[in-house]
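This briefing summarises the fold, the sheet and the charged side-chain pairs of one protein model. It is arranged by topic for use alongside the sequence and coordinates.

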Amino acid sequence: MKILFIQLPLQDHSHGYINGNIDYAPAVISGFIKKRFPDIACETLPAVIANFCSDEVIVRYIISESPDYLCFTSYLWNVERNLHIAERVKSSAPAVKIFFGGPEISSGSYALNEHRPFVDCFITGEGEWFFGRYLSGADINYSCINKNRIALQPPDALIAADEIFEPLSGMRLNAMIDGSVFLELTRGCPYR
């Protein structure tokens, strides 16, 4: 089984925001998966492709990699592009399961404002919670908004802090082009 994670930057003609496209969520979740399910291959779209390539090149790369699961980290700035790419991938490779997670997947989100038949599941909450349950075959509470299937993490089902994978020392997070790294010292948005 192969899971490919996609995290796209804010599109900006000056490329100023590319330095801020840290694939922290894919690194943390893929590290968690590899720790629990070592036989599953977890990869992230290479930074040079995510940050500098066109949608066409990204779609061709994804299809050439033949993932079983394609997982998009969705933020306000990339959710529309994610949906566009996901739809194109699904039309060329209908067997791939497409998941959307991240801060933008919530009630009232653009992603959920209409039926997205090319997305197999939208995920709320922690990716570790979802993949820990999904890959082990445990029960997951699914809901539906506009015919979209949504995995809902219960508020009392947060993963333990000692189960959070640290991606830098775990060799899953790459340094930036200038050699710097970003470290997450807290989980969640301090601004709520």
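## Salt bridges and architecture

Seven salt bridges are found when the whole structure is searched. The model is predicted, and side-chain atom pairs are counted only at pLDDT 80 or more. The protein has five helices and seven strands, and the seven strands of its open sheet are ordered 2-1-3-4-5-7-6.

**Overall composition**

- Along the sequence, the elements follow the pattern β-α-β-α-α-β-α-β-β-α-β-β.
- The protein has 192 residues, of which 44% are buried.
- Of the contacts between residues at least 6 apart in sequence, 68% join residues at least 24 apart.

- Helix 4 lies across strand 3 and strand 4, and its direction is at about 175 degrees to that of strand 4.

**Strand 1 and its two partners**

- Five of the five residues of strand 1 are buried, so this strand is largely enclosed by the rest of the structure.
- In a regular strand, side chains alternate between the two faces of the sheet.
- In strand 1, Lys2, Leu4 and Ile6 point one way, whereas Ile3 and Phe5 point the other way, and all are buried.
- Strand 1 pairs with strand 2 in the parallel sense over four bridges, and the bridge partner of Lys2 in strand 2 is Ala41.
- Strand 1 and strand 3 (residues 69-73) also run parallel, joined by four bridges.
- Within strand 3, Tyr69 stands opposite Ile3, and Cys71 stands opposite Phe5.

**The salt bridge between Lys2 and Glu65**

- Lys2 and Glu65 meet through their side chains in a salt bridge, with an N to O distance of 2.9 Å.
- This pair links distant parts of the chain: Lys2 belongs to strand 1 (residues 2-6) and Glu65 to helix 3 (residues 55-65), 63 residues apart.
- Lys2 has a relative accessibility of 17% and therefore counts as buried, the cut-off being under 20%.
- Glu65, at 21% relative accessibility, counts as partly exposed.

**The salt bridge between Glu56 and Arg88**

- A salt bridge joins Glu56 and Arg88, and their closest N and O atoms are 2.2 Å apart.
- Here too the pair links distant parts of the chain, with Glu56 in helix 3 and Arg88 in helix 4 (residues 79-92), 32 residues apart.
- Glu56 has a relative accessible area of 34% and is partly exposed.
- Arg88 counts as partly exposed at 28% relative accessibility.

**The salt bridge between Asp120 and Lys90**

- Asp120 and Lys90 form a salt bridge in which the closest N and O atoms are 2.7 Å apart.
- Asp120 lies in the loop between strand 4 (97-101) and strand 5 (121-123), while Lys90 lies in helix 4, so the pair ties together parts that are 30 residues apart in sequence.
- Asp120 counts as partly exposed, at 24% relative accessibility.
- Lys90 is buried, with a relative accessible area of 15%.

**Helix 5**

- Seven of the ten residues of helix 5 (residues 127-136) are buried, so this helix is largely enclosed by the rest of the structure.
- The buried residues of helix 5 are Gly127, Glu128, Trp129, Phe130, Phe131, Gly132 and Leu135.
- Gly137 follows helix 5 and has a positive phi, near 80 degrees.

Methods: Residues are numbered from 1 along each chain as its sequence is written. This is a predicted model: local features need pLDDT of at least 70, side-chain atom pairs count only at pLDDT 80 or more; totals for chains, interfaces and linings use all residues. Side-chain values use heavy atoms; hydrogens and water are left out. Buried means under 20% relative accessible area, exposed over 50%, partly exposed in between (1.4 Å probe, protein chains only). Helices (H or I, at least four residues) and strands (E, at least two) are DSSP runs, numbered from the N terminus. A salt bridge is a side-chain nitrogen of Lys or Arg within 4 Å of a carboxyl oxygen of Asp or Glu. Two strands pair if DSSP finds at least two bridges between them. Contact means heavy atoms within 4.5 Å. Axes are lines fitted to C-alpha atoms, for helices over the stretch in contact, and angles run from 0 to 180 degrees between N-to-C directions.
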